[in-house]
Every structure is written in structure tokens, then in C-alpha cells.
Amino acid sequence: MTGILQLLAVRKAFGGLLAADEVSLSVVAGTIHGLIGPNGAGKTTLFSLITGFYRADSGTVVFDGTNVTPMSTSARARLGLVRTFQSNLLFSEQSAIENVVSGGLGTRSRQAFDWLFERPSQRAAVMERAREILQSCGLGDKAEVPAGSLSHGQQRILGIAVALAAGPRLLLLDEPFTGMTAREKDALVEIVQSIRARGASIVLVEHDMRAVMRLCDRITVLNFGKVLAEGTPDQVRRHPDVMAAYLGTA
Amino acid sequence: MRPRSISTGVAIVLIAAAVLLPLVAGDYFTAFGTEIAITVLMLSSYRIIVLTGEWSFAHVVLQGVGAYTAAILVKDLGWPFPATLAAGAAMSALVAAILSYPLLRMKGFYFLMGSFAAAEAIRLLWRKIPFFGGTRGLSNIPAPYLELGGVSIDFGHTTNYFYLTLTVVICCLLLMWWMEQARIGGIWRAIQQQDVLAQSIGIESRTYRRLAFVIAAAFAGIAGVLLAYAFGSVTANRFSLNFALYLMIWSIVGGTRTFYGVVLGGVVLMVFDESLRFAEELRPGVYGLILIAVMLFFPQGLERLLAPIVGGPTKAPRRDVVPSTRSENA
């Protein structure tokens, strides 16, 4: 088992609040890894530490054998470590397909000066790929719709499509199921599974336990910035500490 | 006809009108045409910075860097016109690159204030240091002169210089238009629309913001060189905050979402400016009224009036006219 992502004793404090207290965890390549915990457990902070939006106070983040701890967010993204956002962050002035095309802007071929001399033939290939991604996310018929005019659920899925355009090897999904209808959730479960089937690993932060239990191969439970438990969905579900954290102790 | 071919048609008509201007207008209006062309170059290069989501007060002073560079090189060293043009662009780009290190650590309102401080510092140096001619600036800049196989063209002639300026400006506009279509244009737009998302998909936002600032400055430098020869003199006051404000107002009035928006705003307001020459002291007030009227009635700028004809954005979301106070890496 090879870990595509490893956190070694990562620590981050905001003033007196320890949002990540010596967190260590390992994501196995090709798996869907859940990250759950009560509100304020430090899930999103951990996300931001993994993707470089925050710098850890101490500890190491290793992605696919590379120590990415000192790297910027965009440098990590170019290595294949791409995240989505809890809020619907999109290029709001662009259509769905333009959003996906923009999603590839930072990671497309990186020859010198190709940012200035991109050929039209390359542009056709880029459009084709963007169309494929939209199709695979079930937004094929919304290509020309302005991002701001899509429904909430569609915007959330478009956010994932934008991230996919960047060619992630590890995709971090931050509460993707929030605010979705039951049907949209079912569709998204399939999309996430198909992303994994195409070879990307996934880290999933989510409150929707049904979705988490359906999707995840392994789950890490956080509470007050600490790892509370880790294991398969079944193990985690039965773990006494997890039940106490969620339901409170009698 | 597709919108694209219509806008190409409009561009051709505009260029043709500009080419014919000296034939129908006298020297006075031809010289004014030269000034308009230089301003159009300033505005469209300023728009590159705006594309990345920033508003700068330093652009006019960076134009001044180009102007002073050309004036010094041609007066003291006798460099030919093309060399001073390249040197002016390079020097402005260099100064912008140095300024970009402290300035681009800021965004929005803070960037705006920082750019103002840096620009004033440079401008006051010109006024204090004798090498730059002090408050009187540098004058008696010789006009460019071209000798080609027995034919000699004197660009001291108003009409000739107008055509020279027009050629340089059109080449620059084509170059900028091309950049905007290239991937870098897409990257700039991505940064403007959603900086955090852009970083998450691998765009090194600060690098590309710096690139925009430096490239825009190079074009401003060219505009400065053209201005130095047009007036035959360079003074620090020509690059004061007033002109930086005008540049901003013209951009907002014209609209910055499309290439033709800023050009439109520049041409309309310069003609207007000229017609107000008899009432100098009224100008700031009138500008204020225009700005308020445009923000009330055409919040997207004058370009929205042309959108149905020329194409471009038909439905445009809110734009930050006043720079927002975003914090770094929120």
C-alpha cells in the first residue's frame, strides 16, 4: 500500500485554538478517504493545510513522495493536488464550458512562452477535453449557460469539473453534497466513483453520513483538532469514541 | 454577420478615419489626433492591469519613465527614434518590475494607495534632480528624422508624426489584442474573477499579476516616448495625479470589459476635454458629473451601449468600480 498523501504531525494554531494538533494520516493511492468530525473539528483547516492555503506551524505534508510543505497552493496544484471549495467559487462571468477551460489554464502544457503562443489546434483539443469533462459530470447540456445561472447543485458539480480540468491526481472535495437534492446526491456519488475509477485518489470532507458511508474506503474522524479514530466505514461507525463525540457522553 | 466580423469592420472604419484625419483637418486637429492615439495606447495598456483586478495610480508615471528615457537618450547621446522607443519601453518595464515587488504584496485599495505613493516618489525625484531638468523638465527634444534611399522624412512635421504615432499605436494594440486572446489573457481574467480559485487550479497569481503590471508598463513607456517627441519636451507635471485620475475616469466611463470600451471612453472624453478648453476651471467638476452619471446610468461603461452592435458582453455582472479591500490569500 503506497500513500499518495501523508501528513506527519501537522500542527496549526489560531491564537489559543489548536485547529490541527499533531495530525498524522495517510491516504492510500486510488482510494476515497473520508474526513469527518463534528463542526469545528478542524476538517477544513486540515484541508487548507494540505493544499497550502495555510502553512503548518510544524509538521510535514508529503504528496506522492514530494515534501510539499513549503510550496504555494498553485505549485501543489501543478503537482496534481487540487481542491474544491465549500462555497461555490466559480469564474462567475463565464459559461460552464469556459469555466472548465479556465480550470486547465494553470496546468496545461508548460513549455516556455506557450502562454503567449498557444496555437488554435491546441485550442480545439482544449475545448474537446473540456466538453468531455462536462459530459462526464452530467453537465453536457449546460455548456453555454453562464455559471451564475446554474442551480446550486449544478454549480457545486461545476466546481468539481473545474478542479478536474486541472488534472488532479488527488482531488480534495470540501463538503460537495451540501445543499443538494436527493437526486443530485445520487448523481454526485456516481461522479465521484467515476473520478476514482479513472485513477485519481480522493479526500472527502462531508457531513452527509450516508454519502460518506457509501463512498469511502477509509475514514478519519477528527475532533478538536485531533485524530479520534481511523478505519473502514464499519469500524468507524461502531467506534465508541466516535459515537461519544457525535452524540455526547451520557 | 457574426459579431466578430462586425467588430473587425468597425476597427477598419476607425483606422481608416484616423488615416484620413490629416487630409481633412488642419495641423491643430492632427496634433490633437496624435494625442488621442497616445492616450488610446495608455488606456488599452492600463486595461491589462485592470484585467487582473487592480487599479493603479502609477501607470502615468511609468509613461513618464519612458518619456524621460527617450528625452535623455536622444538629447545627450543622439540615439535614433526606434532605439529610444525600445529603450523607453524597457526602462518602464524595468522600473515596474522593481516596483512590483513591494506593490504586488498588496491588493485592491492598498495596492492603489501603494501605487500612488511610489508614483509620487518617482515624480518628485524628477522635479528635484537637475539631471531630469527639475521643474522645467527637458525641452528641445529633436524630432525623429528618417533617411531611406534618398527619400528623407521629417517627423517634425505634424502630419508625418501623426502617421508615425498611429503606426506604432496600432502595432501595440494588435499585440495587446493578441495577448488577450492567448492563454495569458485567460489567466488574467481568471485571476480577476476568482483569485483563490485560480490559485487552487495551479495559477501562480502573483507571478501573472506582476507580468501584467510589467507588460502594461512597457506599453506605457512606448506611449511616453511618443509623447516626448510629440511635445518636444518632458515635464514632471505632465505625469501628475491629475492625469492618473483622468486615466482611471476614462477607463471607467468607457468600460474595461472589452478592448474597444477603453478606446471609446478615451476618444469620447478627450474630444469632450478639448471642447472644454475655454473653461479650464470647470473641468474637474464636469468630470465628476460625467463619472456620477455614467455610474448611475451605464454602470458597465459606454461599451454597453455598443454591445448590441459590436458583440461582446450582453449580460454583464457587477464590476468592482471602486477597488475592494480584499485581503491577501483569504
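Axes here are lines fitted to C-alpha atoms, for helices over the stretch in contact, and angles run from 0 to 180 degrees between N-to-C directions. Helices (H or I, at least four residues) and strands (E, at least two) are DSSP runs, numbered from the N terminus. The model is predicted: local features need pLDDT of at least 70, side-chain atom pairs count only at pLDDT 80 or more, and totals for chains, interfaces and linings use all residues. Residues are numbered from 1 along each chain as its sequence is written, while chains are lettered from A and ligands numbered from 1 in the order in which they are written.

**Helix pair in chain A**

Helix α5 (residues 152-165) of chain A packs with α6(A) at an angle of about 10 degrees, and their axes are 11 Å apart. Angles under 35 degrees count as roughly parallel, over 145 as roughly antiparallel, 65 to 115 as roughly perpendicular and the rest as oblique. The helices α5(A) and α6(A) are therefore roughly parallel to each other. On the α5(A) side, Gly153(A), Ile157(A), Ile160(A) and Leu164(A) take part, and they meet Glu184(A), Leu188(A), Ile191(A) and Ile195(A) of α6(A). By class, the residues of this contact between α5(A) and α6(A) are six nonpolar, one polar and one charged. In these classes, Ala, Val, Leu, Ile, Met, Phe, Trp, Tyr, Cys and Pro count as nonpolar, Asp, Glu, Lys and Arg as charged, and the others, Gly among them, as polar. Two residues are in contact if their C-beta atoms, placed from the backbone, lie within 7 Å.

**Chain A overall**

Chain A has nine helices and ten strands. Its radius of gyration, taken over C-alpha atoms, is compared with the globule rule, 2.2 Å times the number of residues to the power 0.38. The radius of gyration of chain A is 18 Å, close to the 18 Å that the rule gives for 250 residues, so chain A is as compact as a globular protein of that length. The C-alpha trace of chain A spans about 65 × 40 × 35 Å along its principal axes. Of the 250 residues of chain A, 46% count as buried. A residue is buried if 20 or more other C-beta atoms lie within 10 Å of its own, exposed if 12 or fewer, and partly exposed in between, with C-beta atoms placed from the backbone. Among contacts in chain A between residues at least 6 apart in sequence, 68% join residues at least 24 apart.

**The six-stranded sheet**

Six strands of chain A form an open sheet with mixed pairing, in the order β6-β7-β8-β3-β9-β10. Its edge strands are β6 (81-83) and β10 (226-231) of chain A, each pairing on one side only. From one strand to the next the twist averages 20 degrees. Two strands pair if DSSP finds at least two bridges between them. The table gives some of the pairings.

| Strands | Bridges | Sense | Facing residues |
|---|---|---|---|
| β7(A) and β8(A) | five | parallel | Leu171(A) and Ile202(A) |
| β3(A) and β8(A) | four | parallel | His33(A) and Val203(A) |
| β3(A) and β9(A) | four | parallel | Ile36(A) and Val221(A) |

Five of the five residues of β3(A) are buried, so this strand is largely enclosed by the rest of the structure. Ile32(A), Gly34(A) and Ile36(A) point one way from β3(A), and His33(A) and Leu35(A) point the other way. Helix α6 (residues 182-197) of chain A lies across β3 (32-36), β7 and β8 of chain A, running at about 150 degrees to β8(A).

Glu230(A) counts as partly exposed because it has 18 C-beta neighbours inside 10 Å. Leaving out residues up to four places away in sequence, Glu230(A) touches Leu25(A), Arg218(A), Ile219(A) and Thr220(A). The C-alpha atoms of Glu230(A) and Arg218(A) are separated by 7.3 Å, and the two residues are twelve apart along the chain.

**Contact between the chains**

In the contact between the chains, 20 residues of chain B meet 26 residues of chain A. The elements giving two or more residues to the chain B side are α7 (183-193) and α8 (195-200) of chain B. The largest share of that side, six residues, comes from α7(B). The side of chain B that touches chain A has ten nonpolar, eight polar and two charged residues.

Eleven of the eleven residues of α7(B) are buried, so this helix is largely enclosed by the rest of the structure. Among them are Trp188(B) and Arg189(B). The buried residues of α7(B) pack against α3 (96-103) of chain A, together with α2 (27-51), α6 (158-181), α8 and α9 (205-231) of chain B.
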